[in-house]
Amino acid sequence: MLSLLIRTDQPTVELYLYLDKECLIKHRWDADRSLADSINLEIEQLLKRKDKTLKQLSGIGIYAGPGGFTSLRIGHATANALAYG
């Protein structure tokens, strides 16, 4: 099972890609106020580094907080959109 985990509670955003229980790759970047503009591109680049696609994801996890309201909302909206798509 290929899973994407998203943590957006702080200015430094973390993305994790797991295959079963093994972390394949972890990516961090200082998104600060550009999170909404950068998160989708960062997810796409993370998947490309491991030759994976969005269609291969079977799970998406999100850090629920506590943290900054707007950054958490952006992370949740991104996870919901990816899951819906």
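**Notes on the predicted model**

1. The structure holds one aromatic pair (rings of Phe, Tyr and Trp, the last by its six-membered ring, pair if their centres lie within 6.5 Å; planes under 30 degrees apart count as stacked, over 60 as edge-to-face and the rest as tilted). The ring centres of Tyr16 and Tyr18 are 6.5 Å apart and the planes stand at 40 degrees, so this pair is tilted. Tyr16 is buried at a relative accessible area of 18%, whereas Tyr18 is partly exposed at 24% (buried means under 20% relative accessible area, exposed over 50%, partly exposed in between, with a 1.4 Å probe and protein chains only).

2. As to the basis of these values, the model is predicted: local features need pLDDT of at least 70, side-chain atom pairs count only at pLDDT 80 or more, and totals for chains, interfaces and linings use all residues. Residues are numbered from 1 along each chain as its sequence is written, and side-chain values use heavy atoms, with hydrogens and water left out.

3. The protein comprises two helices and four strands, arranged along the sequence as β-β-β-α-β-α (DSSP runs numbered from the N terminus, with helices being H or I of at least four residues and strands E of at least two). The radius of gyration is 12 Å, close to the 12 Å from the globule rule for 85 residues, so the protein is as compact as a globular protein of that length (the radius is taken over C-alpha atoms, and the rule is 2.2 Å times the number of residues to the power 0.38). Along the principal axes, the C-alpha atoms fill a box of roughly 30 × 20 × 20 Å.

4. Of the 85 residues in the protein, 36% are buried. Among contacts between residues at least 6 apart in sequence, 44% join residues at least 24 apart (contact means heavy atoms within 4.5 Å). The accessible surface comes to about 5,500 Å², and carbon and sulfur atoms account for 51% of that surface (Shrake-Rupley method, 1.4 Å probe; for residues, only the protein chains shown count as cover).

5. Leu4, in strand β1 (residues 2-7), is buried with a relative accessible area of 0%. Leaving aside residues up to four places away in sequence, Leu4 touches Tyr16, Leu17, Ile43, Leu46, Leu57, Gly59, Ile60, Gly61 and Leu82. The list therefore includes Tyr16, a residue that is itself buried at 18%. Leu4 and Tyr18 are 14 residues apart in sequence, with their C-alpha atoms 6.4 Å apart in space.

6. Thr78 belongs to helix α2 (residues 69-84) and counts as buried at 8% relative accessibility. Beyond residues up to four places away in sequence, Thr78 touches Ile39, Asn40 and Ile43.

7. Which peptide bond is cis? The bond from Gly65 to Pro66 is cis, with omega near 10 degrees. Pro66 sits in the loop between β4 (59-62) and α2.

8. Asp32 has phi near 45 degrees, a positive value in a residue other than glycine; it lies in the loop between β3 (22-30) and α1 (35-49) and is exposed at 56% relative accessibility. Asp51 has phi near 55 degrees, likewise positive in a residue other than glycine. Asp51 is placed in the loop between α1 and β4 and is exposed, with a relative accessible area of 69%.
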